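I opened this entry to look up the ligand site, the pockets and the charged pairs. My notes follow in the order of looking.

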Amino acid sequence: MTAASRTPIVAGNWKMNLDRSGGTALAAAVAGRRGDAAGVDLVLCPPAVYLVPVAEAVARAGGDVAVGGQNACDKGSGAFTGEIAPQMLLDVGCRYVILGHSERRTLYGETDAGVNAKAKAALAAGLVPIVCVGETLEEREAGRTDAVVSQQIRGSLAGLDAAALEKTVVAYEPVWAIGTGKVATPEQAQEVHALIRGLLAGLASPATAAKVRVQYGGSVKPDNAADLAACPDIDGALVGGASLKADDFLAIARAFAAAGVA
Ligand code: PGA
């Protein structure tokens, strides 16, 4: 199976940005022009309090655009103040949830074991987890990229069977490229994406690995998306800053649509 036979997936990670009116306007704009990027799965991940109005705005605009959370608890319900269960995300219309984003790992102490528990809970609830991995600049400069990403993949995806892995989306996001304007070169990204696909083959089988979509994230913009999309193991993008503008987000999605049919 080649990149052309995996449906590209472009997700917007809005992080802690926009308010209700800005978020719903952005969602409506993306959904209304969704046809521009036919053949690419599109996902919008607003702050949790705006999931419902964003999902409603998407539905009103009639576009096939999915909504996802930026984090979830590994528990189903109970005394976990401030947490949101995967089932609750599903209940308000989410199909996806980002897990283990580098900001969660660095700022909130998330570990591979914790991400693994969350991924299992999300899958059990029927959500698609977007599991993030990626090395810091210090780790890359020390020649440890492969070791760090391997450990994150093995730890975060431990115990998932082939069926679970096939549903899961992996996002490779080098920490040094996130929000810095320093995008990985297509060669740097492809090298790690190929490593990740090899690791997935080891966890399950080459056939399973060939079905898993692996996104690149880190300063993806309209002007660098086409080169990334052309790489054989890059199946989409997890977009932060550029996802806050409908034109930019859709331009990135179009780049993956064009690569998908090439
Ligand atoms: P960025 O963020 O596109 O602003 O670099 C990507 C991410 O953090 O997912």
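I count a polar contact as a pair of N or O atoms within 3.5 Å. The model is predicted, and I kept that in mind throughout.

I found an oxygen atom of the ligand 2.6 Å from a polar backbone atom of G179. At H101 I noted a side-chain N or O atom, 2.6 Å from an oxygen atom of the ligand. I then looked up the exposed area: the ligand taken alone exposes 280 Å², and the protein buries 97% of that.

I next listed the surroundings. There are 13 residues around the ligand, and K15, H101, E173, G179 and S219 come nearest. By class, I sorted this shell into 7 polar, 4 nonpolar and 2 charged residues.

**Largest pocket**

I read off a volume of about 560 Å³ for the largest pocket. Its lining has 22 residues, and K15, M16, Q70, N71 and R104 lie nearest the centre of the pocket. I looked up which element gives the largest share of this lining: helix α4 (residues 102–107), with 3 residues. The lining divides into 12 nonpolar, 6 polar and 4 charged residues.

**Salt bridges**

I turned last to the charged pairs. Side chains of opposite charge can pair when their charged atoms come close. I noted 15 salt bridges in the structure. One of them joins D235 and R6, with the closest N and O atoms 3.0 Å apart. D235 sits in the loop between α11 (222–229) and β8 (236–239), and R6 in the segment before β1 (9–13), so this pair ties together parts that are 229 residues apart in sequence.

Conventions
Residues numbered from 1 in each chain as written. Predicted model: local features only at pLDDT ≥ 70, side-chain atom pairs only at ≥ 80, totals over all residues. Heavy atoms only, no water. 1 Å grid on protein atoms, 1.4 Å probe; cavity = no way out; pocket = protein on both sides within 12 Å on 5 of 7 lines; lining within 4 Å. Points joined across faces, edges and corners; volume = space filled by probe spheres on them. Helix = DSSP H or I, 4+ residues; strand = E, 2+ residues; numbered from the N terminus. Nonpolar A, V, L, I, M, F, W, Y, C, P; charged D, E, K, R; others polar. Near = heavy atom within 4 Å. Polar contact = N/O pair within 3.5 Å; in protein donor to acceptor, adjacent residues only side chain to side chain. Areas by Shrake-Rupley, 256 points an atom, 1.4 Å probe, with all protein chains shown as cover. Salt bridge = Lys/Arg side-chain N within 4 Å of Asp/Glu carboxyl O.
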